[in-house]
Amino acid sequence: MKLTPVQKRAARMARNNSGLDMNLVALIDIFTILIFFLMSSTGIETLTNARAVKLPMSVAEKTPRQTITVSVSDTEIVVEGRKVADVADVLKQPDDLIPGLKAELDLLASRPVLGADKDGTSKAVTILGDKHIPYSLLRKVMATGARAGFAEIAFAVQRKT
């Protein structure tokens, strides 16, 4: 029996059909959105409030790594977007310990993803301090970070262009 051309084509299609039919358009859309999200959410500029904190200038070329950020402006101390203390109250305290800051750092240090590096031994914090804050306030913030167990303290600055 001789097959017609339409029957031959149908037999060839049935023989080559593997049963998998993937729609890659949806997968490409997901990856495009994921890449856009990752590229737009990186960097330390998203964590700073540009109006509240004026960072000093630097000529360093090394980019900072992702750590817990403590932002110190003229009026308030903010950890990861949460206000923990007022600067006026902190400057009146005779002790170097800032209770609200220590409590927040202890809470963040207890989270293994944010608190520790890959080896789990050292913890790092980045201080975004306004260039006009007094050194006594900066010393209190650093002392509180050290008492909370943060071994590495870094300062954020603006890169000179």
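A salt bridge here is a side-chain nitrogen of Lys or Arg within 4 Å of a carboxyl oxygen of Asp or Glu. The model is a predicted one, in which local features need pLDDT of at least 70 and side-chain atom pairs count only at pLDDT 80 or more, while totals for chains, interfaces and linings use all residues. Residues are numbered from 1 along each chain as its sequence is written, and side-chain values use heavy atoms, with hydrogens and water left out.

Five salt bridges turn up in the structure. K83 pairs with D86, with 2.8 Å between the closest N and O atoms, and K83 also meets E76, at 3.9 Å from N to O. That links E76, K83 and D86 in a network of salt bridges. As for exposure (buried is under 20% relative accessible area, exposed over 50%, partly exposed in between, with a 1.4 Å probe and protein chains only), E76 counts as partly exposed because its relative accessibility is 28%. D86 has 30%, so D86 is partly exposed too.

Another salt bridge joins R139 to D96, the closest N and O atoms being 2.8 Å apart. R139 lies in helix α6 (residues 135–147) and D96 in the loop between α3 (87–92) and α4 (99–109), so this pair ties together parts that are 43 residues apart in sequence. Helices are DSSP runs of H or I with at least four residues, numbered from the N terminus. R139 counts as partly exposed, because its relative accessibility is 34%.

Then there is a charge over a ring (NZ of Lys or CZ of Arg within 6 Å of the ring centre and within 35 degrees of the ring normal): the charged end of K123 sits over the ring of F150, 5.4 Å from its centre.

Technical notes:
Helices (H or I, at least four residues) and strands (E, at least two) are DSSP runs, numbered from the N terminus.
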